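The entries follow the order of the searches.

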Amino acid sequence: MKENKLRQAIVMVGIVLMLMVPVYSQTVNSDITTAIEAEDYAKAEELLTQAIAGDPSYYINYHLLGKVYFDQAKFADAKTQFETALDKKKKHYESLMYLGRSQLKLDDLEGAEKSIKEGNKKAKKLKPQFANLEGLLLLAKEDYSAADIAFRNALAFSDISEEKILKDYETAPISPEDRAILIEQTIAMHRTMNAEYHTNLGDANFYQDIPSLAIIEYEKALEVDSGSTEVYYHWAEACLSMKDYGCAIEKLKLVLTKDSTHAPAWMRAGGIYYKAARSSRSRSERATRYTEAIGSYERYLELSNVTPDSSNVRVFFELAMAYSSINRFEDAISNFDKVFTIPVIPKDIYFYYGKALFWAKDYPKATENLLAHMNWVTEQDEDYKSKIKDAELFKLLGNSYFYRKPKEFYKAIKYYKMADEVKPDQKRIVQNIAVAYHSTKSYGQAIEYYDKRVALGIDSSSFRILRNAGYCALNIASGQGDED
């Protein structure tokens, strides 16, 4: 894939530039560079670990190991390696730049800001990269107009930097063949960098609710780097915000064609399909999008072989929600169970878990989680607003008591009445209250709710309601049961 070749070009330019600096006996093992070029991360990690054990003082190996981790989204491990590289060589500003990127990925905004300030002050040769990092930090802080300026600065600095590097190659003590290779790779590297900066600038416009301008920047990103796949995800998000679902799906299909075996591509596709499903207006389209979200997430899990943790909790939660939405409740429950192994509680998860358990007919456990949802909501601060409507919650709780075996009618009645108070005249609730009172021989109260149910409208299929009301009246007349 073209994007992989460009990524390799960046790696090779970095390594060659490192080797142009006198390091005496310290060099990068050629097997390491080969493994990195091939994106054989397991091999690269093994070789770099061995190299570090053999020479713990060589900062470059820590830096390269950090990049290996970073490319696999192992940001905590990457951060540790970049910090170690900087301990070995304080002025290795590429490690500082990647440290800042890792801190941003880990939502360590304070740490990232400190790294970025130092880079802006000292790393004169990496001005584009640190300007871009500053923009990403401002995006994270939701200062979108300032981020816009930072990304434009990154693009301007990139042009200046490329011109200077190419001029430096003219006097570098290297062969004409190596010079030609470096020039080609440097141009490719800056194209990739500029594509990222245009994409990020597009995001700044997107978050300012100007998706049309965002798309212009995404188009520019593809103009300078036609092999990029990253931009398609952002483009799909912009299309979604404009409710252009056809456009969003088209961009996703393009990126998955280009990156069919790249696990993160499937993870991001799953997220976008999931958003498209939640925004779909028709039931059939919604089911289709949820199915596509499931397929994408399952493909990601197959390719990545990850275990549930805080970095991928959204994958398992949205998988569970998608399965629930197409009535595959056992699969939903399995994924909810995985979410609960992670010390992160997604919003309203106890309700959605309880709902899936109810439809899977595990009524006692459904009740347990629905009550847990009520307790969890009361523990949140005053600004918290649950998306779950009380009427739906109370009805489901009533059902969980009404349909279990043995049935718990009095508890069912309690929650049904709470649901009826919030949203009156729900036919099924009124009917179930009548049946519950009838079953507990509270015939007078049963007749009251049977009459309410009749008043809401019945048809030929509702003859049991009239029959049961008559049966209650006969029992009252004969002095049986509780008339109150």
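The entries below concern a predicted model.

**Entry 1: aromatic pairs.** I searched the whole structure for aromatic pairs and found 22. I first noted Phe206 and Tyr207, whose rings form an edge-to-face pair with centres 5.3 Å apart and 70° between the planes. I then looked up the accessibility of each partner. Phe206 has a relative accessibility of 16% and is therefore buried, the cut-off being under 20%. Tyr207, at 42%, is partly exposed.

I next took up Tyr274 and Tyr290, another edge-to-face pair, with 5.8 Å from centre to centre and 65° between the planes. Where in the chain do Tyr274 and Tyr290 lie? I found Tyr274 in helix α14 (residues 263-279) and Tyr290 in helix α15 (residues 283-304); the two are 16 residues apart, and the pair links distant parts of the chain. Tyr274 is buried at 6% relative accessibility, and Tyr290 is likewise buried at 7%.

**Entry 2: an aromatic cluster.** I recorded one cluster made up of Phe329, Phe358, Trp359, Tyr363, Phe402, Tyr403, Phe409 and Tyr416. One of its members, Phe402, also has a charge over its ring: the charged end of Lys407 sits there, 5.3 Å from the ring centre.

**Entry 3: helix α11.** I checked the length of α11 (residues 211-224) against expectation. At 1.5 Å a residue, its 14 residues should span 20 Å, and the end C-alpha atoms are 20 Å apart, so the two values agree. Which residues of α11 are buried? I listed Pro211, Ala214, Ile215, Glu217, Tyr218, Ala221 and Leu222. These residues cover an arc of only 160° around the axis, and therefore lie on the same side of α11. I then looked up what covers them and found that the cover includes α10 (176-207) and α12 (230-241).

Entry 4: Is Thr186 buried or exposed? At 0% relative accessibility, Thr186 counts as buried. I also recorded that a polar atom of the Thr186 side chain lies 2.7 Å from the backbone oxygen of Leu182.

How values were computed
Residues are numbered from 1 along each chain as its sequence is written. This is a predicted model: local features need pLDDT of at least 70, side-chain atom pairs count only at pLDDT 80 or more; totals for chains, interfaces and linings use all residues. Side-chain values use heavy atoms; hydrogens and water are left out. Rings of Phe, Tyr and Trp (its six-membered ring) pair if their centres lie within 6.5 Å; planes under 30 degrees apart count as stacked, over 60 as edge-to-face and the rest as tilted. Buried means under 20% relative accessible area, exposed over 50%, partly exposed in between (1.4 Å probe, protein chains only). Helices (H or I, at least four residues) and strands (E, at least two) are DSSP runs, numbered from the N terminus. A charge sits over a ring if NZ of Lys or CZ of Arg is within 6 Å of the ring centre and within 35 degrees of the ring normal. The expected span of a helix is 1.5 Å times one less than its number of residues. The arc is that of the directions from the helix axis to the C-beta atoms. Contact means heavy atoms within 4.5 Å. A polar contact is a pair of N or O atoms within 3.5 Å; within protein, one must be able to donate a hydrogen and the other to accept it, and residues adjacent in sequence count only if both atoms are side-chain atoms.
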